[in-house]
Amino acid sequence: VSNAESVSLSKQHSCVLLLDGTKLCWGDNGYGQLGNGSYTSSRVPVSVSAEGRASQVSIGGYHSCFLQWGMVSCSGLNPVPYLTTLQKPVLIAPNI
């Protein structure tokens, strides 16, 4: 991947933000952590379904989170206690 602005890696999957605002993830997707609307794993980068430019990315074992517009959106297995497994990024917190 070229033109990377920010990268976050885990044992199971990885995500990158490109300079043009594109969000890409690849690796295991058993819990929807790639954020592309499926549970299909990918060895090549796939586009994350969340609209808009993100400024930061952070991933855990089975989830991915993006900071955009001062808010956080996440996909995957239970990134916060009150969410269930999500295939596409969902807003979880307003800017405080």
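Arginine 53 has a relative accessibility of 42% and therefore counts as partly exposed, a class lying between buried (under 20% relative accessible area) and exposed (over 50%), computed with a 1.4 Å probe on protein chains only. The model is a predicted one, in which local features require pLDDT of at least 70 and side-chain atom pairs count only at pLDDT 80 or more, whereas totals for chains, interfaces and linings use all residues. Residues are numbered from 1 along each chain as its sequence is written, and side-chain values use heavy atoms, with hydrogens and water left out.

Arginine 53 forms a salt bridge with glutamate 5, and the closest N and O atoms of the two are 3.1 Å apart. The criterion is a side-chain nitrogen of Lys or Arg within 4 Å of a carboxyl oxygen of Asp or Glu, and by this rule the count comes to one salt bridge. The pair links distant parts of the chain, since arginine 53 belongs to the loop between S4 and S5 and glutamate 5 to strand S1, 48 residues apart. Glutamate 5 is also partly exposed, because its relative accessibility is 42%.

The chain has zero helices and eight strands, where helices (H or I, at least four residues) and strands (E, at least two) are DSSP runs numbered from the N terminus. Read from the N terminus on, the elements run β-β-β-β-β-β-β-β.

Four strands form an open sheet in the order S1-S2-S3-S4, with antiparallel pairing. Strand S1 (4-9) and strand S4 (42-47) stand at the edges with a single partner strand each, so one side of each is left without a neighbour in the sheet. From one strand to the next the twist averages 20°; axes are lines fitted to C-alpha atoms, for helices over the stretch in contact, and angles run from 0 to 180 degrees between N-to-C directions. Strands of a sheet pair through backbone hydrogen bonds, either parallel or antiparallel.

Two strands count as paired if DSSP finds at least two bridges between them. S1 and strand S2 (residues 13-18) pair in the antiparallel sense over five bridges, and they form a hairpin with three residues between them. Within this pairing, serine 8 stands opposite cysteine 15 in S2, while the bridge partner of leucine 9 in S2 is serine 14.

A search of the whole structure finds two disulfides. One joins cysteine 15 to cysteine 25, with an S to S distance of 2.0 Å. This link is right-handed, with 105° about the S-S bond. Cysteine 15 lies in strand S2 and cysteine 25 in strand S3 (residues 23-27), so the pair ties together parts that are 10 residues apart in sequence. Both cysteine 15 and cysteine 25 are buried.

The other disulfide is formed by cysteine 65 and cysteine 74, whose sulfur atoms are 2.0 Å apart. The torsion about the S-S bond of cysteine 65 and cysteine 74 is about 110°, so this disulfide is right-handed. Cysteine 65 and cysteine 74 are both buried. With bonded cysteines counted along the chain, the disulfides follow the pattern 1-2, 3-4.

The interior can be described next. Of the 96 residues of the chain, 42% count as buried. A nonpolar core is a set of buried Ala, Val, Leu, Ile, Met, Phe, Trp, Tyr and Cys residues joined through side-chain atoms within 4.5 Å. The largest such core has 11 residues, including Cys15, Cys25, Leu34, Val46, Ala50 and Phe66. S2 and strand S5 (56-59) each supply at least two residues of this core.

Alanine 50 is placed in the loop between S4 and S5. Its relative accessibility of 15% means that alanine 50 counts as buried. The C-alpha atoms of alanine 50 and glycine 37 are separated by 9.8 Å, the two residues being 13 residues apart along the chain.

Confidence is expressed as pLDDT, the predictor's confidence in each residue, from 0 to 100. The mean pLDDT of the chain is 82, and 80% of its residues reach 70 or more. Within the chain, confidence is highest in S4, at 96, and lowest in strand S8 (residues 86-93), at a mean of 56.

Technical notes
Disulfide = S-S within 2.5 Å.
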